[in-house]
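Please look at the sequence and the structure below. The paragraphs that follow go through the model step by step.

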Amino acid sequence: MSVGLLAVVDDILSAALKASAKTAGVVIDDAAVTPQYVQGLTPARELPVVWRIARGSLINKFVIIIPIALLLTAFAPWVLPFLLIIGGTYLCFEGAEKVMEWFGMHHAEAEEDVRDEKKLVSGAVRTDLILSTEIMLISLASLDSGLGIWMTLGALLVIGLVMTAVVYGAVALLVKIDDIGLRLMKNPSRGVRRTGARIVASMPAVFRVISVVGTVAMLWVGGHLVIANLAETFWHGPYDLLHVVTHAIEAAGPVVVWIADTAMSAVFGLVLGLIVVAIVTGISKLRSRNQPAKAAH
């Protein structure tokens, strides 16, 4: 009996390992996006907030994404592309807002909420929901169709747990590197103190790079989700254009093709995100105008 159980566990782990290998790009994006939400917090609150986001990520995967993905795959697979279009559009919206902030075009109220832990966590968990959805759906699609429902469920649970540990372990390390540098600066060894000072001095630049990478990742992943799933539903235009361009430069090698694909997906995501930002801003202005009118009556 124990041998049979070990064989099942081994099969689940093997399937999970093979499927998770295809999610590496999204996992890197997730790890790059999340540290932005922890910036501005006091050092004592960084790890507790990362833990709260990680806990929200586990709830996303185990309570929402995996059950719904399995149910929809079994009974209504046609719904999945539409859900991914909505999720991708939200990522494009968030990415476009951050690009606008780079040029000083952010909302004043957003500045007030920067240190509100509850809003930081809820925003990070919402973004994680979309990124985790892509991770889990890619994993589900990569699993052998011959696996039974329980083996598939077991593999997805393992993938969800491991990916969450990898992403938020990396995030926790990133946000505490400056603290490590400060400790090194107190070391008796002069060389170690210099290393610590360099680490501390480099962290603002590191987080600026992470912020840029995270924003580009949002636009790239969001744009790619929308393009790919629009092609599966009702509009092939953006996907066909992407295919034409990548096919034309295929001789340049896979790296150049990947860069072109990523750049075009990010540009598409930015344009879509800016359109959504304009719509949301317009609706907000209309609401703010209507409220004084109602108050007057």
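Val162 belongs to helix 7, which covers residues 149-184. Leu17 is 145 residues away from Val162 along the chain, and their C-alpha atoms are 9.8 Å apart.

Leu157 is another residue of helix 7. Its relative accessibility is 34%, so Leu157 also counts as partly exposed. Leu157 is one of the residues of a nonpolar surface patch, together with Ile59, Phe62, Val63, Ile64, Ile68, Leu83, Ile86 and Leu161. Helix 3 (43-75), helix 4 (79-102) and helix 7 each contribute at least two residues to the patch, and the largest share, five residues, comes from helix 3.

The unreviewed UniProt entry annotates residues 62-86, 149-175, 196-221 and 263-284 as "transmembrane region". In the model, residues 149-175 are 100% helix and 0% strand, with 39 Å between the end C-alpha atoms. Residues 263-284 are likewise 100% helix and 0% strand, and there the end C-alpha atoms are 31 Å apart.

How confident is the prediction along the chain? The mean pLDDT of the chain is 82, and 84% of the residues score at least 70. Confidence is highest in helix 9 (residues 237-248), with a mean of 91, and lowest in helix 5 (residues 108-112), with a mean of 45. The pLDDT stays below 50 over residues 108-114, a stretch with three contacts in the model beyond near neighbours in sequence.

Technical notes. Residues numbered from 1 in each chain as written. Predicted model: local features only at pLDDT ≥ 70, side-chain atom pairs only at ≥ 80, totals over all residues. Heavy atoms only, no water. pLDDT = per-residue confidence, 0-100. Helix = DSSP H or I, 4+ residues; strand = E, 2+ residues; numbered from the N terminus. Contact = heavy atoms within 4.5 Å. UniProt positions renumbered as here; feature names shortened; annotations may be inferred. Patch = residues over 30% accessible without salt bridge, like charges linked within 9 Å, V, L, I, M, F, W, Y side chains within 5 Å. Areas by Shrake-Rupley, 256 points an atom, 1.4 Å probe, with all protein chains shown as cover. Salt bridge = Lys/Arg side-chain N within 4 Å of Asp/Glu carboxyl O. Buried < 20%, exposed > 50% of the residue type's maximum accessible area, 1.4 Å probe, protein only.
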